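This report takes up a set of local features in one protein model, from charged pairs to helix packing. Please keep the sequence and the structure in view while reading.

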Amino acid sequence: MKLSSRLSLTQQNALLLVVFFIAFELLVASAATYFLMLPMARRSAADLAGLMTLSAQTWNELPPVTRPAFEIELARSHALALRAEPPQNAGPPPWREPYLHFLVASLSARAGEPVAASREQIQGEEWFWVSLPAGSGRLSVGFPHSRIGPRPIHALLASLAGGALLTLLAAWWLARRATRPLQRLQEAATSLGCGRTPERLPETGPREIAALSRRFNEMAKQVEDLLAARTVLLAGVSHDLRTPLARLRLGVEMLVRKPSPELAAQVESDVEAMDRLIADVLTLARGLGHEVEQQVRLAEVLVELVGAIPGATDKVQIESADVTLEVPVGALRRILVNLLENALRYGGGGPVTLRAEVKNGLCCISVLDRGPGISPAELEAVFRPFYRLEASRNVSTGGSGLGLAIVHQLAAAQGWQVGLKPRAGGGLSAWLEIPMRRSGMAASREASS
């Protein structure tokens, strides 16, 4: 198992941020040391070496009477000490700071010979001493370790430690901010997977999180609709099959006792009714299936549809613009056939108009009848599975209550719009809107020109 799979998102972010920060800090420290600190250290060491050399030469040239005053002023102003004798119990310096290397190198260059360096503990403080030539003899010049102010190594370690701590805090805060909506999403997905209805996620926060929450809410709504449709579908099928099954059982018993052509025809009619109901249910269940799009001339499709419906040729008037569409032909035919059959069945026996026109980049196909129509309160309800009207469009006319549900689902699967509205002068207008593509619009323009 990889390490990343055993770490939480917070831990992974913290680890990555710390690694990147340390690498960045080392890079910045290296650049600052090479281009800034080392040149400054060499310059400062050269200045101090010049001061120490000048102090030794000045002390050597002063009268012995004034030397003590000079030493006091030198200690007060520059934290330097002079002594004629070498330091006692002195040892080699630890060379912990590169600054001391630069200082000894600069002193050796000024003296023209290697300079000996040593260290000594004076009252609990470490002193650094060098032996410099002064006239015919040598003079020891020293200073306490506290005179070296900059601590680059300490600064680097403190910066790394403080930066790592701040990085860990920032990583924890960022990970918590990012994982909180993900945890809610995980809980909601688990609830949805168990068949429960999850609460809607807040569509707030960063753009990606808000988009993910919005898409999950849409998916949850779709799942709820599918579950509700499945429940209605199963209940409707169970209810609608009981009546023909009861008649079929009774008809079979009567055929056994007294066969007759009328009973056989009734049994066959009940079987056909159940077969139509099952076919409608399967069509509704397969409504979201994918179908390859084809380029067709709409006028030819409409003529073919009207000719395929028995008795429709004399009752249906086609008014179609010369439009070429690239659509799933099977879905388009199924939708239009259902709308035409409804208009012919419930239109009161009057003529039906099938009209196709292009408006505002949409191809609008309308099925117009002069029947009793539908009340405005039920224009949307009729698209629900097994919803039947109690007046003109009821089960006695032979409908299963699935025709418009199939139309609605097929249209939604293709991204089309379908609806019903009262027709001016009486009747009903069923319309289907299909977005025009460039090829279709180009063909329409060529035909019109």
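The text below goes through salt bridges, helix packing, a surface patch, backbone angles and contacts across the chain.

The model is predicted, so local features are given for pLDDT of at least 70 and side-chain atom pairs for pLDDT 80 or more, whereas totals for chains, interfaces and linings use all residues. Residues are numbered from 1 along each chain as its sequence is written, and side-chain values rest on heavy atoms, with hydrogens and water left out.

**Salt bridges**

Side chains of opposite charge can pair when their charged atoms come close. With a salt bridge defined as a side-chain nitrogen of Lys or Arg within 4 Å of a carboxyl oxygen of Asp or Glu, a search of the whole structure finds 12 of them. Three of these pairs are set out in the table.

| Pair | N to O distance |
|---|---|
| Arginine 83 and glutamate 120 | 3.3 Å |
| Arginine 138 and glutamate 113 | 2.8 Å |
| Arginine 214 and glutamate 203 | 3.5 Å |

The salt bridge between arginine 83 and glutamate 120 links distant parts of the chain, with arginine 83 in strand β1 (residues 81-83) and glutamate 120 in strand β2 (residues 117-122), 37 residues apart. Helices (H or I, at least four residues) and strands (E, at least two) are DSSP runs, numbered from the N terminus. Glutamate 120 counts as buried because its relative accessibility is 11%, where buried means under 20% relative accessible area, exposed over 50% and partly exposed in between, with a 1.4 Å probe and protein chains only.

Arginine 138 and glutamate 113 also meet in a salt bridge, and this pair joins strand β4 (residues 137-144), which holds arginine 138, to the loop between α4 (98-111) and β2, which holds glutamate 113, across 25 residues. Arginine 138 counts as partly exposed at 41% relative accessibility, and glutamate 113 counts as partly exposed at 31%.

In the salt bridge of glutamate 203 with arginine 214, the partners are 11 residues apart, glutamate 203 lying in the loop between α5 (152-193) and α6 (207-257) and arginine 214 in helix α6. Glutamate 203 is partly exposed, with a relative accessible area of 39%, and arginine 214 is partly exposed at 37%. Elsewhere, salt bridges that share partners join Arg297, Glu300 and Asp322 into one network.

**Helix packing**

Two packed helices are described by the angle between their axes and the distance between the axes. Here the axes are lines fitted to C-alpha atoms over the stretch in contact, and angles run from 0 to 180 degrees between N-to-C directions. Helix α8 (residues 298-308) and helix α9 (residues 329-346) pack at an angle of about 50°, with their axes 11 Å apart. That angle makes α8 oblique to α9, given that angles under 35 degrees count as roughly parallel, over 145 as roughly antiparallel, 65 to 115 as roughly perpendicular and the rest as oblique.

How do α9 and α10 pack, and at what angle? Helix α9 packs with helix α10 (residues 403-414) at about 150°, their axes being 9 Å apart, and the two are therefore roughly antiparallel to each other.

**Surface patch and backbone angles**

Leu15, Leu16, Val19 and Phe20 form a nonpolar patch on the surface, with about 400 Å² of accessible area together. Patches are made of residues with over 30% relative accessible area and no salt bridge, like charges being joined within 9 Å and nonpolar side chains (Val, Leu, Ile, Met, Phe, Trp, Tyr) within 5 Å, and accessible areas come from the Shrake-Rupley method with a 1.4 Å probe, only the protein chains shown counting as cover for residues. Leucine 16 lies in helix α2 (residues 9-61) and counts as partly exposed at 48% relative accessibility.

Most residues other than glycine have a negative phi. Alanine 79, in the loop between α3 (67-78) and β1, has a positive phi near 55° and is partly exposed at 29% relative accessibility. Glutamine 123, in the loop between β2 and β3 (125-134), has a positive phi of about 55° and is exposed, with a relative accessible area of 82%.

**Contacts across the chain**

Leucine 432, in strand β11 (residues 428-435), counts as buried at 0% relative accessibility. Its C-alpha atom is separated by 8.1 Å from that of cysteine 363, 69 residues apart along the chain.
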